[in-house]
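My entries follow the display.

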Amino acid sequence: MLEQRIQQHFIDSADLKYQTAQALGKPIADAVQAVLACVTSGGKILACGNGASAADAQQFATFCVAGFERERPELAAVALSANAALLTTGASNGAGHGDWAQQFARQVRALGQAGDVLLALCISGNDANVLAAVDAAHERDMTVIVAS
């Protein structure tokens with residue numbers, strides 16, 4: 001009984017991967033092309049997300065800078081969730097800069113330039129701070145890649 005259940009999980013997983021490849025192959029290829037165009041023209045990738053997505057954004061930026069699977073030149077990437085001091089500015093000092101919904105957008109406006117890429121990771125698809133970052137990226141004529 002247990003062995004059958006385990007085998008069924010593997011079968012279901014393989015089936016889901018096949019379906020996902022069919023549905024997401026082109027959007028993923030398009031995203032990769034956008035990232036390649038960005039970094040080969042001297043641009044940078046800004047990545048953001050909340051919770052586990054923040055950790056994913058940090059890992060993505062780390063792989064860009066430090067490499068992944070093989071040695072290669074560093075790629076310019078910044079995880080917007082990595083600066084705790086900036087993210088909490090104004091939260092307790094009354095400076096009026098603690099608007100949580102603008103925490104990533106501020107960084108996009110400060111760091112983003114036309115031709116750069118914003119990688120927005122959002123499980124729910126409606127996090128106010130991630131959506132504000134997307135708006136800020138559009139204002140800067142950046143390419144936006146959303147994964148939710």
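This is a predicted model: local features need pLDDT of at least 70, side-chain atom pairs count only at pLDDT 80 or more; totals for chains, interfaces and linings use all residues.

I kept to numbering from 1 along each chain as its sequence is written, and to side-chain values from heavy atoms, with hydrogens and water left out.

**Entry: salt bridges**

I searched the whole structure and got 2 salt bridges. The term asks for a side-chain nitrogen of Lys or Arg within 4 Å of a carboxyl oxygen of Asp or Glu.

I took lysine 44 and aspartate 116 first. Their closest N and O atoms are 2.7 Å apart. The pair links distant parts of the chain, 72 residues apart. Lysine 44 sits in the loop between α1 and β1 (45–48), and aspartate 116 in the loop between α4 and β3 (117–121). I read helices as DSSP runs of H or I with at least four residues and strands as runs of E with at least two, numbered from the N terminus.

Are these two residues buried or exposed? Aspartate 116 has 2% relative accessibility, so I logged it as buried. Lysine 44 has 18%, so it is buried as well.

I then turned to lysine 26 and aspartate 30. This salt bridge has its closest N and O atoms 3.1 Å apart. Both residues belong to helix α1 (residues 2–40); they are 4 residues apart, which means about one helical turn between them. Lysine 26 is exposed at 57% relative accessible area. Aspartate 30 is partly exposed at 40%.

**Entry: aromatic pair**

How many aromatic pairs does the structure hold? I found 1. The ring centres of phenylalanine 63 and phenylalanine 68 are 4.5 Å apart and the planes meet at 45°, so I filed the pair as tilted. For Phe, Tyr and Trp (its six-membered ring), centres must lie within 6.5 Å; planes under 30 degrees apart are stacked, over 60 edge-to-face, and the rest tilted. Phenylalanine 63 is partly exposed at 30% relative accessibility. Phenylalanine 68 is partly exposed too, at 43%.

**Entry: glutamine 103**

I looked up glutamine 103 in helix α4 (residues 103–111). Its relative accessibility is 7%, so it counts as buried. What does glutamine 103 touch? Leaving out residues up to four places away in sequence, I listed Asn50, Leu87 and Asn129. Contact here means heavy atoms within 4.5 Å.

How values were computed. Buried means under 20% relative accessible area, exposed over 50%, partly exposed in between (1.4 Å probe, protein chains only).
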